[in-house]
Amino acid sequence: MITQYLFYFLTFVAIFSALLVVFSKNPIYSALYLIVTFFATAGHYFLLNAQFLAAVHVIVYAGAIMVLFIYVIMMLNLNKEVEPHKSTMLKVAATVCGGVLGLVLVAGLRETELTALSEYSNPSIGLIERLGNVLFGTYMVPFEISAVLFLSAMVGAVFLSKKTIH
Amino acid sequence: MDIIKGVPLTSYILLCSILFAIGALGVLYRRNALVIFMCIELMLNAVNLLMVAFSRYFNDSNAQVFVFFIMAVAAAEVSVGLAILMMVYRNTKTTDIDALSKLKY
C-alpha cells in the first residue's frame, strides 16, 4: 500500500536527518537538517489526517523558529572553527546514555498490546472545523492565557537583548 | 477517506521513541547551546507526533489542541532562550554550555 511506503519513507527521512542534526559539526548544517526533520514530521501529520496541525507545524517551526535559529547563527557567526569540542570520553558516555535510553524505550514499547478501540474510524478528527470547535469551546481560557504568554515572551526577549543592562 | 490504515500504532510509538532518544542524545552529546536548543525541539516534536497518533487512535480532538498549545509554548521558549543565548554570547564570547558552569560570567 502506498501509505505504508510513504510512512516508512518519512520515518527514514526523519530519523536520518535527526541523526545528522546531532552529528554534523557545523551548526548551520544542524539547522538545515532540522528543517528536513520538521518537514518529515509535517508529512507524518498529513498521513494521520491532521491537516491543520501539519500547516501550523510548517508555519511555526519551519517558518518562525528556524528563522530565529538561523538569524542567531548568522549574528553569532558560528561555524566549524568556533565549535566547542568535548573530550572523546564524554562523547562516548553521551552516546552510550542516549543509546541505552533509546534501547530501553524501544524494547519496552515493542510488544505493546493496544486495545482495538475505534481503529481510526473518524477521519475528520484533525480537520480545522472540529479543532476550532474544541479550541474555542473547551479550551477558550488556555487559549487566551497563551496570548498573555506570548506577550510576556516578547517583552522578555526584547528586554534581554537590549544592550544596556548590567 | 482513511489514509492511515495499514500502519499500526506501534510503529508510531517506536518512531517517536527513537526520535526522542536521538534528541536526548543530542543534548548530552553537543556542547553548543544552540544545537542543544535544536535537540530540545526535536524531543518536543517526537512528543507531538505521538500525541497526534494517539488522538487519531482514540478519536479524540483534545490531544490535537494540546499539540497546538505545545507548539505555542515551544515558540515562546525559543524566542526567550535565544535572547538569553545572545546575552551569554555577548558576555562570554562563546556558546559553549560549559562556560556557564559557574552561574556567573
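Predicted model: local features only at pLDDT ≥ 70, side-chain atom pairs only at ≥ 80, totals over all residues.

Biologist: Take Val52(B). What does it touch, leaving out residues up to four places away in sequence?

Modeller: In chain A, Val52(B) touches Tyr45(A), Leu48(A), Ala50(A) and Leu53(A). In chain B, Val52(B) touches Ala63(B), Gln64(B) and Val67(B).

Biologist: How many residues does the contact take from each chain?

Modeller: 73 residues from chain A and 66 residues from chain B. On the chain A side, α1, α2, α3, α4, α5 and α6 each supply at least two residues. α3(A) gives the most, with 11 residues.

Biologist: And how do the residues on that side of chain A divide?

Modeller: 48 are nonpolar, 20 are polar and five are charged.

Biologist: Switching to chain A itself. How many helices and strands?

Modeller: Six helices and zero strands. The radius of gyration of chain A is 21 Å, whereas the globule rule gives 15 Å for 166 residues, so chain A is more spread out than a compact globule.

Biologist: What does the C-alpha trace span along its principal axes?

Modeller: About 55 × 40 × 25 Å for chain A. Buried residues make up 25% of the 166 residues in chain A.

Biologist: What about contacts between residues at least 6 apart in sequence?

Modeller: In chain A, 56% of those contacts join residues at least 24 apart.

Biologist: Now α1(B). How many of its residues are buried?

Modeller: 16 of the 21 residues in α1(B) are buried, so the helix is mostly covered.

Biologist: What should that helix span, and what do its ends give?

Modeller: Residues 9–29 of chain B should span 30 Å at 1.5 Å a residue. The end C-alpha atoms are 30 Å apart, which agrees.

Biologist: Last one, Asn79(A). Where is it found?

Modeller: Asn79(A) is in the loop between α3 (51–76) and α4 (88–109) of chain A.

Biologist: Is Asn79(A) buried or exposed, and why?

Modeller: Exposed, because Asn79(A) has 12 other C-beta atoms within 10 Å, and 12 or fewer counts as exposed. Asn79(A) and Phe23(A) are 56 residues apart in sequence, and their C-alpha atoms are 14 Å apart in space.

Notes. Residues numbered from 1 in each chain as written. Chains lettered and ligands numbered in written order. Helix = DSSP H or I, 4+ residues; strand = E, 2+ residues; numbered from the N terminus. Expected span 1.5 Å × (residues − 1). Buried ≥ 20, exposed ≤ 12 C-beta atoms within 10 Å, placed from the backbone. Contact = placed C-beta atoms within 7 Å. Nonpolar A, V, L, I, M, F, W, Y, C, P; charged D, E, K, R; others polar. Rg over C-alpha atoms; globule rule 2.2 N^0.38 Å.
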